[in-house]
Amino acid sequence: MWTVIDSPIGELRLVEHAGAITAIEFSPWREVAAANGQPRGVRSDDHPLLLECARQLAAYFARDLKEFDLPLAPTGSAFQQQVWDALCGIGYGETASYGEVAHRIGRTNAASRAVGLANGSNPIPIVIPCHRVIGANGTLTGYAGGLERKQLLLGLEQDALF
């Protein structure tokens, strides 16, 4: 099941399956998820988990929530899962480089590119905070939702700290 919400970074499609959030998609929607075999199902604007996800995202954007508490079920390889778990360890308002994330999962800097690919494949952005990963020199790098959205998310979190 899925629903759509408005947010400061545009419309977001929230997708749940079997009691867990499986995707948060930026508009315009890509129809890749269904091709990947991830069931999207029918639209349900009153599904309890989707309502809770929408509530937590609204609180996040209002700077009232710094850690999400949602059941998540992102689909990916064992390496991607490892990277996504490490991303959840990057605190609100903090950033880490791809190399730092590689080290957090026991790899060397040589794995930075693979970490970047896994980062870009994160199906649950914002909640799994892939936007908190930046280049080793502190520059913003790619973001599946676009650099403008990444900059807005980082600015939202860092402004809330001061």
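Here are some questions and answers about this predicted model.

Q: Where does Q80 sit, and which residues is Q80 in contact with beyond its neighbours within four places in sequence?
A: Q80 belongs to helix α3, which covers residues 78–87. Leaving those sequence neighbours aside, Q80 is in contact with A118 and S121. Contact here means heavy atoms within 4.5 Å.

Q: What makes L51 count as buried, exposed or partly exposed?
A: The class in between runs from the 20% limit for buried to the 50% limit for exposed. L51 has 44% relative accessibility, and therefore L51 counts as partly exposed.

Q: Which element holds L51, and what does L51 touch?
A: L51 is found in helix α2, residues 48–61. Not counting residues up to four places away in sequence, L51 touches D45 and D46. As for P74, it lies 23 residues from L51 along the chain, and the C-alpha atoms of the two are separated by 19 Å.

Q: How do you know whether the protein chain is as compact as a globular protein of its length?
A: Start with the elements: the chain has 6 helices and 5 strands, and from the N terminus on they run β-β-β-α-α-α-β-α-α-β-α. The radius of gyration of the protein chain is 15 Å, and the globule rule gives 15 Å for 162 residues; the two values are close, so the chain is as compact as a globular protein of that length. Along its principal axes, the C-alpha trace spans about 45 × 40 × 25 Å.

Q: What share of the protein chain is buried, and what makes up its accessible surface?
A: Of the 162 residues, 48% are buried. The accessible surface comes to about 8,100 Å², with 53% of it belonging to carbon and sulfur atoms.

Q: How many of the contacts between residues at least 6 apart in sequence join residues at least 24 apart?
A: In the protein chain, 59% of those contacts do.

Q: What is the volume of the second largest pocket, and which residues are closest to its centre?
A: The volume of the second largest pocket is about 210 Å³. Among the 13 residues that line this pocket, K66, E67, F68, C88 and V127 are the closest to its centre.

Q: How does the lining of the second largest pocket divide into nonpolar, polar and charged residues?
A: The lining has 9 nonpolar residues, 1 polar residue and 3 charged residues.

Technical notes. Residues are numbered from 1 along each chain as its sequence is written. This is a predicted model: local features need pLDDT of at least 70, side-chain atom pairs count only at pLDDT 80 or more; totals for chains, interfaces and linings use all residues. Side-chain values use heavy atoms; hydrogens and water are left out. On a 1 Å grid over the protein atoms alone, a cavity is a set of points where a 1.4 Å probe fits but cannot get out, and a pocket is an open set with protein on both sides within 12 Å along at least five of seven lines; lining residues have an atom within 4 Å of a point. Grid points are joined across faces, edges and corners, and a volume is the space filled by probe spheres set on the points. Ala, Val, Leu, Ile, Met, Phe, Trp, Tyr, Cys and Pro count as nonpolar, Asp, Glu, Lys and Arg as charged, and the others, Gly among them, as polar. Helices (H or I, at least four residues) and strands (E, at least two) are DSSP runs, numbered from the N terminus. The radius of gyration is taken over C-alpha atoms; the globule rule is 2.2 Å times the number of residues to the power 0.38. Buried means under 20% relative accessible area, exposed over 50%, partly exposed in between (1.4 Å probe, protein chains only). Accessible areas come from the Shrake-Rupley method with a 1.4 Å probe; for residues, only the protein chains shown count as cover.
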